[in-house]
Amino acid sequence: MTSALTGCTLMDLARDCEGTDARVEELAALRVLDSRPDEAAVARGFEEVDAGCWSDSGEVTVYAERTYACPGTRAGVAAHYRTAAQQDGWSPDPDAAPGDLSFVKKTMNLRITFLTAELLAEGGHGSRPDLSTGAGYSITVDSYA
């Protein structure tokens, strides 16, 4: 039923993402994904970079994401990534809403998202106090393929 509503089948998705493997690997290897404040650790269950491709309405996007648990503050995480992003050649996204941690570099977008119980539930990760208290966050890089 979903494919009838969206006009997209799994075969269409596979065809749209065909040939993006090298670009996905390139994003997954970006240094900024491994950058983190000293007190942050890779979150349990998120040890590997989540990377892939998705297609929506003819737009093909590749992405890579890491998730960290951090007992520190959101302000500390934000300060770390403002510095790390700048040192790695990222610029603040001029189209970002005030307070958003979003950056751009060439054709790529970088986003830091602080995790809440609601966001974790939406993603199917249930109750994760290690991620929804303190400054648990994900760092995502995406780009049109």
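These legends walk you through several close-up views of a predicted model.

**View 1. An aromatic pair formed by Phe114 and Tyr137.** A pair of aromatic rings is described by two things: the distance of the centres and the angle of the planes. Here the ring centres of Phe114 and Tyr137 are 6.4 Å apart and the planes stand at 65°, so the pair is edge-to-face. Planes over 60 degrees apart count as edge-to-face. Follow the chain and you will find Phe114 in strand β6 (residues 108–114) and Tyr137 in strand β7 (residues 137–144). The two residues are 23 residues apart, and their pairing links distant parts of the chain. Both Phe114 and Tyr137 are buried. Ring pairs also join them with Tyr68 and Tyr81 into a cluster. The count of aromatic pairs comes to three.

**View 2. Thr20 and its surroundings.** Look for Thr20 in the loop between α2 (10–17) and α3 (21–28). Its relative accessibility is 6%, so Thr20 counts as buried. A polar atom of the Thr20 side chain lies 2.6 Å from the backbone oxygen of Cys17. Leaving aside residues up to four places away in sequence, Thr20 touches Cys53, Val60, Val62 and Ala145.

View 3. Side chains of opposite charge can pair when their charged atoms come close. Glu26 is partly exposed, with a relative accessible area of 44%.

**View 4. Asp88 meets Arg31.** The side chains of Asp88 and Arg31 form a salt bridge, at 2.3 Å from N to O. This pair links distant parts of the chain, 57 residues apart: Asp88 sits in the loop between α4 (74–87) and β4 (91–92), and Arg31 in the loop between α3 and β1 (41–42). Buried or exposed, what are Asp88 and Arg31? Asp88 is buried, with a relative accessible area of 13%, whereas Arg31 is exposed at 61%.

**View 5. Arg66 joins Asp34.** In this salt bridge, the closest N and O atoms of Arg66 and Asp34 are 2.9 Å apart. Arg66 lies in strand β3 (residues 59–69) and Asp34 in the loop between α3 and β1, so the pair ties together parts that are 32 residues apart in sequence. Arg66 counts as buried at 8% relative accessibility, while Asp34 is partly exposed, with a relative accessible area of 46%. Elsewhere, salt bridges that share partners join Arg31, Asp88 and Lys105 into one network. The count of salt bridges comes to six.

Notes. Residues numbered from 1 in each chain as written. Predicted model: local features only at pLDDT ≥ 70, side-chain atom pairs only at ≥ 80, totals over all residues. Heavy atoms only, no water. Phe/Tyr/Trp six-rings, centres within 6.5 Å; stacked < 30°, edge-to-face > 60°. Helix = DSSP H or I, 4+ residues; strand = E, 2+ residues; numbered from the N terminus. Buried < 20%, exposed > 50% of the residue type's maximum accessible area, 1.4 Å probe, protein only. Polar contact = N/O pair within 3.5 Å; in protein donor to acceptor, adjacent residues only side chain to side chain. Contact = heavy atoms within 4.5 Å. Salt bridge = Lys/Arg side-chain N within 4 Å of Asp/Glu carboxyl O.
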